[in-house]
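Here's a quick tour for anyone meeting this structure for the first time. Have a look at it below, and then we'll walk through its rings and strands.

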Amino acid sequence: MAHVRTYESGPASWAASAFRPDGEEFAVHQTGLGVVRWDLSSPIPLATYPLDTGDEGNAVAYSPDGRYLVAGAAGGTICQWDISEG
């Protein structure tokens, strides 16, 4: 298998990740930073969404249509973002 690209997240560890259904981007929960969206064609993050709960995240998912991004926090809270406009 060929190595395609390396995405640099700095010192933060990744707790969870998910691909958008169309395969064009992925999102990861980075400990201490929140959820970060990455375009597969670029090593530069598209956006970062902090978890407003203060808890660490432990799950990330896209809606089937790719419009929403959700993250589950360890304290039982789920954060949702509408990402349809970028």
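## Aromatic rings

Searching the whole structure turns up 3 aromatic pairs. Here, rings of Phe, Tyr and Trp (its six-membered ring) pair if their centres lie within 6.5 Å; planes under 30 degrees apart count as stacked, over 60 as edge-to-face and the rest as tilted. One of the pairs is phenylalanine 19 with phenylalanine 26, a tilted one at 5.8 Å centre to centre with 45° between the planes. Phenylalanine 19 is exposed, its relative accessible area being 57%, whereas phenylalanine 26 counts as buried at 7% relative accessibility. (Buried means under 20% relative accessible area, exposed over 50%, and partly exposed in between, using a 1.4 Å probe and protein chains only.)

Phenylalanine 26 also pairs with tryptophan 38, this time stacked: 6.3 Å centre to centre and 10° between the planes. That pair links distant parts of the chain, with phenylalanine 26 in strand β2 (residues 25–30) and tryptophan 38 in strand β3 (residues 34–39), 12 residues apart. Both phenylalanine 26 and tryptophan 38 are buried. Put together, Phe19, Phe26 and Trp38 make one aromatic cluster.

A word on the model: it's predicted, so local features need pLDDT of at least 70 and side-chain atom pairs count only at pLDDT 80 or more, while totals for chains, interfaces and linings use all residues. Residues are numbered from 1 along each chain as its sequence is written, and side-chain values use heavy atoms, with hydrogens and water left out.

## Strands side by side

Strands are DSSP runs (E, at least two residues), numbered from the N terminus, and two of them pair if DSSP finds at least two bridges between them. β2 and β3 run antiparallel, joined by 6 bridges. One of the β3 residues, valine 35, is the bridge partner of histidine 29. The two strands form a hairpin with 3 residues between them, and glycine 32 in the turn has a positive phi of about 85°.

What about β3 itself: mostly covered or mostly open? It's mostly covered, with 5 of its 6 residues buried. On to β4: 4 bridges join β3 to β4, again antiparallel. Valine 36 has threonine 48 in β4 as its bridge partner, and a hairpin of 5 residues joins β3 to β4.

Serine 42 sits in the loop between β3 and β4 (45–49). At 19% relative accessibility, serine 42 counts as buried. Its side chain reaches the backbone nitrogen of isoleucine 44 at 3.1 Å.

Notes
A polar contact is a pair of N or O atoms within 3.5 Å; within protein, one must be able to donate a hydrogen and the other to accept it, and residues adjacent in sequence count only if both atoms are side-chain atoms.
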